[in-house]
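Subject: Model handover

Hi,

Here is the structure I promised to pass on. Please open it alongside this note.

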Amino acid sequence: MEPRDLLRRRRDRPLLTRPGRWGRGPPAGFRVAIARTPDKTADLTGRGVEVRRGDYDDAASLDTALKGVDLLLLVSGSDLTPGVRVVQHRTVLERAVRAGVRHVVYTSGIGAENGQGFSADHAATEEMIGESGLTYTLLRNTFYSEAFVATALAQAKETGEIVSSTEGRPLNTARLRDLALAAGAVLSGSGHDNAIYELRGPLWTYPELAEALARVLRRPVTCREVTDAEAGWLGSLFPMVRAGAFAQTGPDLSRLLGRPATGLEDTITAFAERAGG
Ligand SMILES: NC(=O)c1ccc[n+]([C@@H]2O[C@H](COP(=O)([O-])OP(=O)(O)OC[C@H]3O[C@@H](n4cnc5c(N)ncnc54)[C@H](OP(=O)(O)O)[C@@H]3O)[C@@H](O)[C@H]2O)c1
């Protein structure tokens, strides 16, 4: 069965999500989308989805928005100011329990089991979910391939060279669309109660990324090691890569997708086509 068909199977489940991450649209059959700025949900118009206003910082808005919701997809908040997300998620969970939500699916992060650094908010949220009494599914998303590919593609086009401070260590990443489809499969399927999924894509290295870019762009692309500071904004992630934090893949993502997770070369091709070659 294709993932898209999986997404179509159930027709009776409300959904809390935010706009813009479902590729061609949200899974068919989902009835409610909650957005802080409903004006930005034009892509949902005409798809049978009721858009309600809800703000993680405004508990009263959630009381209204969550009415009748049975299954909740809680997308982790985007304000990374220390402490903010945990409070926001607590508010959503408290209001969800009060509104009679039965099950929460949470977009957690890779490494949440350790609760260090960037994954501390996810660890705290997972703990709150466990204590909430709701049944749950935890989607521990790896990093998006798009961030690495977009940066490297721009470098390769400009200079024929990509840079990293990964020392050739492997990392697993996944396409954002694959992660969204995996979430859709969980929301549409059954048997996911109290499951934790480690959503990891295929492993790759920066030298392999340079080779893949060369094939897609049909021009030589080399890879050079630099310091973290010279590696740009991704340099803050590379110490974790060197420490092996992303060096394991796993079967959960491809199992939920019903096909292998998208590989690096296909991601590059999609990007290069969008960017005009
Ligand atoms: N795994 C990875 O590699 C990766 C990469 C990027 C992000 N993430 C995570 O994914 C999550 C979403 O990030 P993103 O990049 O998709 O963010 P984004 O593109 O900035 O979108 C954020 C969305 O959240 C909405 N929002 C923000 N604060 C809200 C609130 N208080 N209540 C309700 N809605 C609110 C925004 O609404 P408005 O339209 O009103 O602003 C917007 O629609 C974050 O937890 C982020 O850490 C993971």
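This is a predicted model: local features need pLDDT of at least 70, side-chain atom pairs count only at pLDDT 80 or more; totals for chains, interfaces and linings use all residues.

Residues are numbered from 1 along each chain as its sequence is written.

Helices (H or I, at least four residues) and strands (E, at least two) are DSSP runs, numbered from the N terminus.

Start with α3 (residues 84-99) and α4 (residues 120-132). Their axes come within 10 Å and cross at roughly 20°. Axes are lines fitted to C-alpha atoms, for helices over the stretch in contact, and angles run from 0 to 180 degrees between N-to-C directions. The two helices are therefore roughly parallel (angles under 35 degrees; over 145 is roughly antiparallel, 65 to 115 roughly perpendicular, the rest oblique). On the α3 side, the contact residues include His89 and Leu93; on the α4 side, they include Thr125 and Met128. Contact means C-beta atoms, placed from the backbone, within 7 Å.

Next, α7 (residues 206-217) and α10 (residues 264-274). Their axes also come within 10 Å, but cross at roughly 45°. That makes α7 oblique to α10. Leu209 and Leu213 are among the α7 residues that meet α10, where Ile268 is one of the partners.

Finally, the sheet. It is open, with 3 strands in the order β6-β8-β10 and mixed pairing. Strands pair if DSSP finds at least two bridges between them. β6 (143-144) and β10 (203-204) are the edges, each pairing on one side only. β8 (residues 171-174) pairs with β10 in the antiparallel sense over 2 bridges. Leu171 stands opposite Trp204 in β10.

Best wishes

Conventions
Two residues are in contact if their C-beta atoms, placed from the backbone, lie within 7 Å.
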